[in-house]
Amino acid sequence: IWRIEDGDITVKAGDTEGTNKVSQGTIIDKVDTNTIITNQKTDKASSNTVTIETNDKNDKVEVTLKDVNIDTSKQSKAAVSVTGSGDTTIELDGDNELKSGSCKAGLEKDDEMSEDGETISGKLTIKDDKGKDGSLTAEGGAGGGAGIGGGVEKTGSNITIQGGTIEAEGGFGGAGIGGGIKSTGSNIAIQGGTIEAEGGAG
């Protein structure tokens, strides 16, 4: 279990299937097999961030968010960001709240594009498989971040929601789920759960 109050958290794919490498503070690339991120005090938001890196297209990272409360609205940072060309799965346990700073998505997945315009970023899957009434509220920052998806002028694609109770609200011009302002979203699949998505004004 990793507590967000103890500092920014970075999660990368491990060298063997089913493992992650987690860094926080003085802990660097600790091998972990069941990565759970939580708040020690769920009623008080932390301003620390979570970054999930899947640098290789074969990388697979699975992380559980359990009663996480992150508010980076006073910083130009995303509360949780997913990067790289590999696949990320986020399991929701309990009530999770993400509120991001200016121009950032609440749960950010900025897609990289190849020279021919193809999306080369991986897939983000959000699920609630463990029967723990997982929920997520994700709010994009002012200036145009999506609730879930891209930041300002960033595409948010290859996002699948399989379960959970989810509220996603974009900042001005941003999608609830999809692209940030002045951009697009594609390959958005909702396969289960209770979803409320609201684009920002404009």
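Two strands count as paired if DSSP finds at least two bridges between them. Keep that in mind as you look around this predicted model, where seven strands line up in an open sheet. Val-63, for one, stands opposite Ile-90 in S10.

- Reading across the open sheet, the order is S1-S5-S7-S10-S13-S16-S19, and the pairing is parallel.
- Strand S1 (2–3) and strand S19 (185–190) sit at the edges with a single partner strand each, so one side of each has no neighbour in the sheet.
- Strand S5 (residues 36–38) pairs with strand S7 (residues 60–66) in the parallel sense, over three bridges. Here Ile-37 stands opposite Leu-65 in S7.
- S7 also pairs with strand S10 (residues 87–93), again in the parallel sense, and this time there are seven bridges.
- Further along, strand S13 (residues 124–127) and strand S16 (residues 156–161) run parallel and share three bridges. Ile-126 stands opposite Ile-161 in S16.
- As a bit of background, strands of a sheet pair through backbone hydrogen bonds, either parallel or antiparallel.

**The nonpolar core**

- The largest nonpolar core has 31 residues, and Ile-37, Leu-107 and Ile-148 are the ones that touch the most other members.
- Ile-37 turns up again here: leaving out residues up to four places away in sequence, Ile-37 touches Trp-2, Ile-9, Val-11, Val-50, Val-63, Thr-64, Leu-65, Lys-66 and Val-68.
- In soluble globular proteins, nonpolar side chains tend to be buried together.

- Ser-81 belongs to strand S9 (residues 80–84). Ser-81 has a relative accessible area of 12%, and buried means under 20%, so Ser-81 counts as buried.
- Not counting residues up to four places away in sequence, Ser-81 touches Val-50, Thr-51, Ile-52 and Glu-108.
- Ile-195 is found in strand S20 (residues 194–198). With a relative accessible area of 27%, Ile-195 falls between the 20% and 50% cut-offs, so Ile-195 is called partly exposed.
- Setting aside neighbours within four places in sequence, Ile-195 is in contact with Ile-161, Gly-164, Ile-166, Ile-177 and Ile-190.
- Gly-178 is 17 residues from Ile-195 in sequence, and their C-alpha atoms are 14 Å apart in space.

**The largest pocket**

- The largest pocket holds about 400 Å³ of space.
- Its lining takes in 23 residues, and those nearest the centre are Gly-18, Asn-20, Lys-60, Val-61 and Glu-62. The elements that give two or more residues to this lining are S7 and S10.
- S7 gives the most to the lining of the largest pocket, with five residues.
- Sorted by class, the lining of the largest pocket has 13 polar, seven charged and three nonpolar residues.

**The cavity**

- A search of the whole structure turns up one cavity of 30 Å³ or more. The largest cavity has about 40 Å³ of space.
- The residues lining the largest cavity are Val-82, Thr-83, Gly-84, Gly-86, Lys-109, Asp-110, Ser-121, Gly-122 and Lys-123.
- By class, that lining has five polar, three charged and one nonpolar residue.

Conventions: Residues are numbered from 1 along each chain as its sequence is written. This is a predicted model: local features need pLDDT of at least 70, side-chain atom pairs count only at pLDDT 80 or more; totals for chains, interfaces and linings use all residues. Side-chain values use heavy atoms; hydrogens and water are left out. On a 1 Å grid over the protein atoms alone, a cavity is a set of points where a 1.4 Å probe fits but cannot get out, and a pocket is an open set with protein on both sides within 12 Å along at least five of seven lines; lining residues have an atom within 4 Å of a point. Grid points are joined across faces, edges and corners, and a volume is the space filled by probe spheres set on the points. Ala, Val, Leu, Ile, Met, Phe, Trp, Tyr, Cys and Pro count as nonpolar, Asp, Glu, Lys and Arg as charged, and the others, Gly among them, as polar. Helices (H or I, at least four residues) and strands (E, at least two) are DSSP runs, numbered from the N terminus. Buried means under 20% relative accessible area, exposed over 50%, partly exposed in between (1.4 Å probe, protein chains only). Contact means heavy atoms within 4.5 Å. A nonpolar core is a set of buried Ala, Val, Leu, Ile, Met, Phe, Trp, Tyr and Cys residues joined through side-chain atoms within 4.5 Å.
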